[in-house]
Amino acid sequence: MTSDGRAAGRPPGGAAVLAARGADVHQERESVSRAGRGRWSLLRPGAPGRQTRRRTGPWGRRRAGATPYLFIAPACLLLALFGILPILVAAVVSTTDLDIGGLGDPSTIRFLGLDNYERLFSDPKFWQALRTTTLFVVLGVPVIIALSLTIAVGLNVSTSRLFTVLRAFYFLPAITAIVAVALVWGYLYNSQFGLLNQGLALVGLGPVGWLSDPNTARVSVAVVAIWRATGLNVIIFLAALQAIPQDYHDAAALDGAGRWATFRFVTFPLLRFALFFVTVTTLIGWLQFFDEPYVLTKGGPVGATTSVSLFIFQNGFSFNQFGYASAGSIILFILIAAVTAVQLRLRGSDD
Amino acid sequence: MIMNKPIARVLLAPAVAGALLLAGCGGSSEATGGGQTPEPKEDVTLTVWVMGDSGTNFEKVVQPFTADTGIDVKVEAIPWDNVNDRLTTAVASGKGPDVTQVGLSLLASYVEGGALEDISGNLASYPNLAPENFPEAVAPASLHADGAAYTVPWVGDTRVLFYRSDILEEAGIDAPPATWDEIRADAKTLAARGKGQFGYYIPQWDAPLPVSYTWQAGGDVVDGEGKVTIDTDAFRAAADHYLGFYADGSVPTAGDFDQAAGFISGAAPMLVSGPYLAAAVREQAPDLDGKWGVTTVPSGDNDMSLFAGSNLGIWKGSEHKDAALELLDFMADPATQVSWFTTTGELPAATAAFEDPALTKDPMVAVYADQLASSRALPISTRWDAANAAILETLNAIALTGADKDSSLKALYATIEEINAR
């Protein structure tokens, strides 16, 4: 039976799924149509609207002015309902002591002001979770980008059947249920009868506590996450690579550029948009790192793999402190928004 | 996309609650009262939450009930991992089942969420529900300080000492350890068998273990008012016992050590676990039959163990309270309790059921019955859950990462004070 609804069967439309990721989803949509092809209009959603207004259609000037807004209305409504509203609710909840008793009988809820935040910043567990998350980001993001770009470039060499199969092979982890992933990796990593330790024993090396040594466990968990996330990014890079017109390569060849020079001065710059997209989404994903430690280690051993998200989850759902957990999620939201804003700003300046 | 969205989960429940607040209607507070209107029983359908994979078995066992009373029972099976989510959603929306299984470890959440009906006034009318039919550990008075009865016992579960008699014998130990000193010494002897061999096993996720040790040392972890009090000699003795196994090198330090596999392979020839381990060993290693046994846990000052069963409760505001009470009465009937045991292997809660031949023919059940009589439930409060997690993490940090014991315990006591103040 599927025992793990939390990790696997999470409905994608869950009320607040978009909450902390509103920006993320928005970028994703943009990039699917634009990756590697043209300018991003991320910050200029009004641009197409303005164009329509100028070309006054058969309905006259005023109607045409409203039409584009009508088109984006459903998306805006959904974003407001499932993205902005839950954030506001969480912000309100974070100033209270809401627990399960408060859910049952709202008259018991007390207003705490900023007490939850004060407690959060003096909670060594929160700081440890923050450090752990930072470590995961520093470890995971560059590796994923380098790895997926390398694989994509490799796969782009040919379109033969072998390469098509390989492409599917790399994408497989991305579509495998996390529960299955946890089970298989759990067996590989197991210190008692795991394949990795059996292999090490063959060459006379001692057993490694892949998931039970605090420092090793962090790396083990990150490796699974890297393995899972690479596939999707490979596809994005591959799409971007294939969208580069052959003319550029031909021109480079005529100029006598070698393979490396072509990649360095022609291909790589043309991948900037895909690279930006992958960086933004991967960074957000790792800041919210949750699934792998949740299913593999439950945040252990002794809290070594507890990310901020897992910390929030534990306080909210294991200890019933919704107010405190909401304060944590607001801080994480602000953190993600800030990091993403910085990236957009940096990106804007090199345009 | 790539990663998932845990925040969503955290935001969801408050969002539900917040929406209710905004709408100005107060969840279950509105749904109380009622439930007394008499109605023709033939039309009644009870919705029952059953946890884990017991749903189908439940349907099977209640068939005679439906045949007798005409009350239909609709079972909703809820995976253990989802119980908290479902509970939170149901409490926030005020829409729950009529009857629910309540694992003792989750009873606090149910009670504090106001999800359960107080049935203390009804127990007298149902002979099977009388508190004296069950072990004292799960009597309403032992569970709730306010004199209420929110649940009735249903499934019994406890922790006993499992041991591999063949391996103990080889090591020159002719009887399983009966005291703390003996188990420390035996575990050390057994661990000396070689690399990868241990004497005992401590599950690193087993939060109740240090608590049972505290009980065994003659202490308690909460005071009369429900405040967590572990700055005591009994707790320090429990901590020393717990950490002693690590200091002796008698237990595996790997967090992913598998207890069933470890017991079967002999790597961990002694450990404390529940009847489910016996079922797993019988199924996975039938050839070990006769080479292992169970006995009551070694005693410090006494041999108190954990009572970890499941109870049944009636959802607050259920429109079928009478029918629900009848179902509870049926489930607590010793005959039904025996049929639940033969169907699932889960132990009865009703003491009388242990005299049935179906149970007496298994010598291990007699050990479980003995241990159940010397078992206690964990404190029933959500504050306790946070305290228990802190205790476990501190002890594990000392044992596994070499954190300084005195300062770690001092920090733990401070954390407990902070939790008490919440």
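How many bridges join strand 3 of chain B to strand 9 of chain B, and do these strands run parallel or antiparallel? The second legend below has the answer; these views all come from a predicted model.

**View 1. Chain B as a whole.** Let's start with the overall picture. Chain B holds 18 helices and eleven strands. Its radius of gyration is 23 Å, close to the 22 Å that the globule rule gives for 422 residues, so chain B is as compact as a globular protein of that length. The C-alpha trace spans about 70 × 50 × 50 Å along its principal axes. Of the 422 residues, 53% count as buried. Among contacts between residues at least 6 apart in sequence, 76% join residues at least 24 apart.

**View 2. Strand 3 of chain B and its two pairings described here, with strand 1 and strand 9.** Here is the answer to the opening question: strand 3 and strand 9 (residues 310-314) run antiparallel and are joined by five bridges. To find this pairing in the model, look for Thr100(B), whose bridge partner in strand 9 is Gly313(B). Strand 1 (residues 45-51) pairs with strand 3 in the parallel sense, over two bridges. There, Val48(B) has Val99(B) of strand 3 as its bridge partner. As a reminder, strands of a sheet pair through backbone hydrogen bonds, either parallel or antiparallel. Strand 3 (residues 99-103) is largely enclosed by the rest of the structure, because four of its five residues are buried.

**View 3. An open sheet of three strands in chain B.** The strand order is 6-5-7, and the pairing is antiparallel. At the edges are strand 6 (270-273) and strand 7 (292-295), each of which pairs on one side only. From one strand to the next, the twist averages 25 degrees. Strand 5 (residues 160-164) and strand 7 pair over four bridges in the antiparallel sense. A handy landmark is Tyr163(B), which stands opposite Gly293(B) in strand 7.

**View 4. Gly290(B), in the loop between helix 12 and strand 7 of chain B.** Helix 12 covers residues 275-284. Is Gly290(B) buried or exposed? Gly290(B) has 8 other C-beta atoms within 10 Å, and because a residue with 12 or fewer counts as exposed, Gly290(B) is exposed. For orientation, the C-alpha atoms of Gly290(B) and Asp186(B) are separated by 20 Å, and these residues lie 104 residues apart along the chain.

**View 5. Helix 17 of chain B, a mostly covered helix.** Of the 20 residues in helix 17, 17 are buried. The end C-alpha atoms of helix 17 are 28 Å apart, which agrees with the 28 Å that its 20 residues should span at 1.5 Å a residue. Just after helix 17 comes Gly402(B), which takes a positive phi of about 75 degrees.

View 6. Helix 18 (residues 405-420) has 16 residues and reaches 22 Å from its first C-alpha to its last, close to the 22 Å expected at 1.5 Å a residue. Its buried residues are Leu409(B), Leu412(B), Thr415(B) and Ile416(B). These cover an arc of only 115 degrees around the axis, which puts them on the same side of helix 18. They pack against helix 10 (233-247) and helix 17 (382-401) of chain B. Turn to the other side of helix 18 and you will find exposed residues: Asp406(B), Ser407(B), Lys410(B), Ala414(B) and Glu417(B).

Note on methods
Residues numbered from 1 in each chain as written. Chains lettered and ligands numbered in written order. Predicted model: local features only at pLDDT ≥ 70, side-chain atom pairs only at ≥ 80, totals over all residues. Expected span 1.5 Å × (residues − 1). Arc of directions from axis to C-beta. Contact = placed C-beta atoms within 7 Å. Rg over C-alpha atoms; globule rule 2.2 N^0.38 Å. Pairing = 2+ DSSP bridges. Axes fitted to C-alpha atoms, helices over the stretch in contact; angles between N-to-C directions.
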